[in-house]
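Please have the sequence and the structure to hand while reading.

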Amino acid sequence: DQQVKQNSPSLSVQEGRISILNCDYTNSMFDYFLWYKKYPAEGPTFLISISSIKDKNEDGRFTVFLNKSAKHLSLHIVPSQPGDSAVYFCAASAAGGGADGLTFGKGTHLIIQP
Amino acid sequence: KAGVTQTPRYLIKTRGQQVTLSCSPISGHRSVSWYQQTPGQGLQFLFEYFSETQRNKGNFPGRFSGRQFSNSRSEMNVSTLELGDSALYLCASSLPPSDRANTEAFFGQGTRLTVV
């Protein structure tokens, strides 16, 4: 049973527009959520995170929204740039976000069209 | 500050062989975790080590094992390799739980293992 789901395997967005990546989770024990970006042949790079005590966290062009009642989070990238083309993984943790036991979604491949 | 270093980057092995992968965490990070990434399953947690002790384990067979040394470096071993073990193996390090204030895990570039 997949505890973290990213239902869109791929997403295509025009450069300059907003990219919205979605993630749903089922485990109520998750208290920390992270987004990672991954290029081919490289390890995931941390992007942004949010604790379950917040509903929004912003860092430059990246904003993560958390809706605990719906067990849903989303990553907004605005404006989208060509370098944003990558696979984005949503991850959840019941241990404060450390390396131990992160549960990942299967990823969404974001393609930014010029 | 140097990042998480994994060696080797690429490896080709034959079915039935065993393999050892190495991971050096970020200086000061004592928690090291291993993940397997395959196209069909995404990133899956293998195990986590802290202070040379395995504290957490994912749902993988006993052929997958690991250890951590006193300098926090970690190794992962897979015995009796199967074709399905072909994957990108990622190591991540983070601060130990007592020092952690909702901090993130940092990943290495991974070791691409191909079993033929």
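In this predicted model, A:Asp84 counts as buried, because its relative accessibility is 2%, which falls in the range under 20%.

- A:Asp84 sits in the loop between β8 (72-77) and β9 (86-93), whereas A:Arg61 sits in the loop between β6 (56-59) and β7 (62-67), so the pair ties together parts of chain A that are 23 residues apart in sequence.

**Pairs in chain B**

- B:Glu48 and B:Arg55 form a salt bridge in which the closest N and O atoms are 2.6 Å apart.
- Within that pair, B:Glu48 is buried, with a relative accessible area of 0%, while B:Arg55, at 37% relative accessibility, counts as partly exposed.
- B:Arg67 and B:Glu75 form a salt bridge as well, with 3.3 Å between the closest N and O atoms.
- Here B:Glu75 counts as buried at 17% relative accessibility, a value that lies under the 20% cut-off, and B:Arg67 counts as partly exposed at 47%.

**A network in chain B**

- B:Arg63, B:Glu82 and B:Asp85 are joined into one network by salt bridges that share partners.

Terms used
Residues numbered from 1 in each chain as written. Chains lettered and ligands numbered in written order. Predicted model: local features only at pLDDT ≥ 70, side-chain atom pairs only at ≥ 80, totals over all residues. Heavy atoms only, no water. Helix = DSSP H or I, 4+ residues; strand = E, 2+ residues; numbered from the N terminus. Buried < 20%, exposed > 50% of the residue type's maximum accessible area, 1.4 Å probe, protein only. Salt bridge = Lys/Arg side-chain N within 4 Å of Asp/Glu carboxyl O.
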